[in-house]
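Reader: I am new to protein models. Could you show me how to read one?

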Amino acid sequence: MTIKSLLPLIAATFICGGSILVEARQPKTPTAVVKPPTVPKIVQPKWKLYTAPDGRFTILMPGRPNRNTEYQKTYMGEITLEIFAAQPPKQEVAYIVVYNDFPYSYGKITDPQAVLNNARDMALKTTKSNLISQRNIRSYNNHPGKEIEYINSGGKITKSRMYVAEGRLYQVMAITTKKQQKTLAKTITGYLNSFNLVLKK
């Protein structure tokens, strides 16, 4: 599936490159015809508001995300990771939301910034990545968060926003290549901005 989805993109890149060279002396119309399908026609129309099954977050996703559950053993005990992932066809990008609940005692005594710093360090370590940038942020309803951007040895760039809220760590991320990062920069920012925490009632 991954190779199938990448081949048309690679082919399109070579075709676009050839068109630009061959048609350099002509008006810009051919270039305009080639470019629009790459972003607006593939990405924008499919974006829909997705609400988590437990109703505790909403986010814009390019279609309905696939949901997976994984279990990890930690010093706090076994933690359940809920993963929601969507990947638009013919694009080298994945949009992912992951959350896990902490044991009650840990969530109450641990400083949220320490949780966020640990999550950042773990992300960099497990993906063998270098940190590009980071900043402290807050959700619209004032929960502490951190935005980080990092790159791995294969050139994959991840932009992630993490939040700690009501005993839960949320990680909202977009993973793409250097090649597509510039093209999708606004789309990725819009995706990250669309994430909303919904408080328990």
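Predicted model: local features only at pLDDT ≥ 70, side-chain atom pairs only at ≥ 80, totals over all residues.

Reader: What percentage of the residues count as buried?

Author: Buried means under 20% relative accessible area, exposed over 50%, and partly exposed in between (1.4 Å probe, protein chains only). Of the 201 residues here, 39% count as buried.

Reader: Which strand does S1 pair with?

Author: Two strands pair if DSSP finds at least two bridges between them. S1 (residues 47-51) pairs with S2 in the antiparallel sense, over five bridges. Leu-49 has Leu-60 in S2 as its bridge partner. The two strands form a hairpin with five residues between them. In that turn, Gly-55 has a positive phi of about 75 degrees.

Reader: Why is S2 largely enclosed?

Author: Five of the six residues of S2 (residues 57-62) are buried, so the rest of the structure largely encloses this strand. S2 is also joined to S10 (residues 196-197) by two bridges, and these strands run antiparallel. There, Phe-57 has Leu-197 as its bridge partner.

Reader: How do I read empty space?

Author: Rolling a probe the size of a water molecule over the atoms shows where empty space is left. On a 1 Å grid over the protein atoms alone, a cavity is a set of points where a 1.4 Å probe fits but cannot get out; a pocket is an open set with protein on both sides within 12 Å along at least five of seven lines; lining residues have an atom within 4 Å of a point. Grid points are joined across faces, edges and corners, and a volume is the space filled by probe spheres set on the points.

Reader: What volume does the largest pocket have?

Author: About 880 Å³. Its lining has 30 residues, and Gln-72, Leu-81, Ala-119, Met-122 and Gln-171 lie nearest the centre. H4 gives the largest share of that lining, eight residues.

Reader: How many cavities of 30 Å³ or more does the structure hold?

Author: One. The largest cavity has a volume of about 40 Å³. Arg-56 is among its lining residues, as are Glu-166 and Leu-197.

Reader: Is Arg-56 buried or exposed?

Author: Arg-56 has 11% relative accessibility, so this residue counts as buried. Arg-56 lies in the loop between S1 and S2. Contact means heavy atoms within 4.5 Å. Leaving aside neighbours within four places in sequence, Arg-56 is in contact with residues including Asp-101, Glu-166 and Leu-197.

Reader: Where is Arg-67 found?

Author: Arg-67 is in strand S3 (residues 66-74). Arg-67 counts as partly exposed because its relative accessibility is 43%. A polar contact of 3.3 Å joins the side chains of Arg-67 and Glu-82. A polar contact is a pair of N or O atoms within 3.5 Å; within protein, one must be able to donate a hydrogen and the other to accept it, and residues adjacent in sequence count only if both atoms are side-chain atoms.

Methods
Residues numbered from 1 in each chain as written. Heavy atoms only, no water. Helix = DSSP H or I, 4+ residues; strand = E, 2+ residues; numbered from the N terminus.
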